[in-house]
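Subject: Structure handover and findings

Hello,

Here is the structure we discussed. Please open it alongside the notes that follow.

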Amino acid sequence: MRIRRVLVALAAATAVGATTAAVLPGSPADRPQPLPAFNNQALSERYGVNSRAIARATRTAVRTGDTGLAHALEAMRGRQFLDFNPRGPGLAVEVIGNLALARRVAVLVPGSDTSLATFDTRGTASPQGGALALAAEARRLDPRARLAVIAWLGYAAPGTISPAVLTSGDAGQGATALRPLVDDLARHGHQVALLCHSYGSVVCGLAAPHLPATDIAVVGSPGMDASSAGALHTTARVWAGRGAADWIRDVPHVRFLGLGFGQDPMAPGFGARIFACGAGGHSGYFQPGSISLRNLAEIALGDPAAVT
């Protein structure tokens with residue numbers, strides 16, 4: 001997402017209406033499905049229901065001539081989706097691994113311009129691609145780890161070129177949808193780490209207060225809508241990382257008339273645990289072989305001492 005350009009192009013035009021946009025964001029996605037029991041039978045049934053829903057949505061996309069979406073949906077069939085809804089902006093929540101047997105769960109929260117059409121079409125920069133890379137790296141680091149990874153598109157992510165990308169309105173809806181998932185996972189004994197990219201870090205910041213997560217890690221963050229890690233009111237370890245070539249460093253970390261997301265999580269005064277991300281850019285945090293992916297995998301595994 002190109003927030004730097006958007007700030008310049010839209011700040012003047014949206015300053016008056018930004019506060020309203022933060023309270024009244026764009027069209028929300030439909031409500032998430034209630035979570036099933038976390039056992040193999042219930043999960044298998046849920047995956048089957050959503051696979052059939054994806055097949056129906058694929059046929060609809062073909063009939064309406066939306067070939068790009070049809071191709072993306074076809075690739076989703078037969079996979080493990082906890083939630084799927086093609087209406088409106090769409091929802092897709094995919095599980096990588098065995099959620100019934102997992103002790104730890106990493107939830108990837110994506111940023112702007114993420115939709116059903118881009119859920120797994122941009123390599124490791126897409127939610128599914130990033131989740132697969134993270135799961136593979138975690139297996140490499142600890143083959144015996146009982147880790148499941150969730151690629152979570154549970155909110156209507158704002159478009160890159162839109163006033164909404166400068167406000168926390170859509171992120172607030174995302175936080176409202178994310179909290180029940182984390183609460184339910186923790187209630188069933190899972191230890192949860194949130195890995196939040198770009199605008200997704202705003203979602204995680206708003207969801208953070210009293211959330212039963214062990215770790216919240218943000219990468220390429222424009223801010224968490226908080227002045228400090230302490231202002232998040234969480235017992236989770238708060239981590240922040242940024243690649244040397246990530247343009248997000250040039251985004252003004254301010255909040256004014258409803259625009260912006262406050263303090264830079266990388267700033268010493270914010271109080272996050274800083275981890276190395278190497279020389280990568282804004283879309284490279286889950287690139288195989290990168291130091292950022294290794295550190296994110298260590299956070300997902302719950303091994304803070306191994307994070308560099």
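The torsion about the S-S bond of C196 and C204 is about -95°, so this disulfide is left-handed. Its sulfur atoms lie 2.1 Å apart; a disulfide here is a pair of cysteine sulfur atoms within 2.5 Å. The structure holds 1 disulfide. C196 is buried, with a relative accessible area of 1%. C204 is buried too, at 0%. Buried means under 20% relative accessible area, exposed over 50%, and partly exposed in between, with a 1.4 Å probe and protein chains only. Another cysteine, C277, counts as buried because its relative accessibility is 6%.

Some ground rules. This is a predicted model, with residues numbered from 1 along each chain as its sequence is written. Local features need pLDDT of at least 70, side-chain atom pairs count only at pLDDT 80 or more, totals for chains, interfaces and linings use all residues, and side-chain values use heavy atoms, with hydrogens and water left out.

Now the sheet.

The sheet is open and has 8 strands, in the order β1-β2-β4-β3-β5-β6-β7-β8. Its pairing is mixed. Two strands pair if DSSP finds at least two bridges between them. Strands (E, at least two residues) and helices (H or I, at least four) are DSSP runs, numbered from the N terminus. The edge strands are β1 (81-85) and β8 (273-274), and each pairs on one side only. Strands of a sheet pair through backbone hydrogen bonds, either parallel or antiparallel.

β1 and β2 run antiparallel, joined by 4 bridges. F81 stands opposite E94 in β2. The two strands form a hairpin with 5 residues between them. G88 in that turn has a positive phi of about 60°.

β2 also pairs with β4, again in the antiparallel sense, over 5 bridges. There, A92 has L153 in β4 as its bridge partner. How many residues of β2 are buried? The count is 6 of its 6, and the strand is mostly covered. L91, V93 and V95 point one way from β2, while A92, E94 and I96 point the other way. Note that E94 is among the buried residues.

Further along the sheet, β5 (residues 191-197) and β6 (residues 215-219) run parallel, with 5 bridges joining them. A193 stands opposite D215 in β6.

Helix α5 (residues 127-141) packs on the sheet. Helix α5 touches β2, β3 (104-109), β4 (147-153) and β5, and its direction makes about 165° with that of β4. Contact means heavy atoms within 4.5 Å. Axes are lines fitted to C-alpha atoms, for helices over the stretch in contact; angles run from 0 to 180 degrees between N-to-C directions. Helix α3 (residues 40-63) lies across β1 and β2 (91-96), running at about 30° to β1.

Next, the aromatic pairs.

The structure holds 4 aromatic pairs. Rings of Phe, Tyr and Trp (its six-membered ring) pair if their centres lie within 6.5 Å. Planes under 30 degrees apart count as stacked, over 60 as edge-to-face and the rest as tilted. F81 and F119 have ring centres 5.9 Å apart and planes at 45°, so the pair is tilted. The pair links distant parts of the chain, 38 residues apart: F81 is in strand β1, and F119 is in the loop between β3 and α5. Both are buried.

W239 and F275 form an edge-to-face pair, 6.4 Å centre to centre with 70° between the planes. W239 is in strand β7 (residues 237-241), and F275 is in the loop between β8 and α8 (291-301), 36 residues apart. W239 counts as buried at 4% relative accessibility. F275 counts as buried at 3%.

R273 lies over the face of W239, at 5.3 Å from the ring centre. A charge sits over a ring if NZ of Lys or CZ of Arg is within 6 Å of the ring centre and within 35 degrees of the ring normal.

Last, the backbone.

Most residues other than glycine have a negative phi. D225 has a positive phi of about 60° although it is not a glycine. D225 lies in the loop between β6 and β7, and at 24% relative accessibility counts as partly exposed. H233 is in the loop between β6 and β7, and its phi is near 55°, a positive value in a residue other than glycine.

Best wishes
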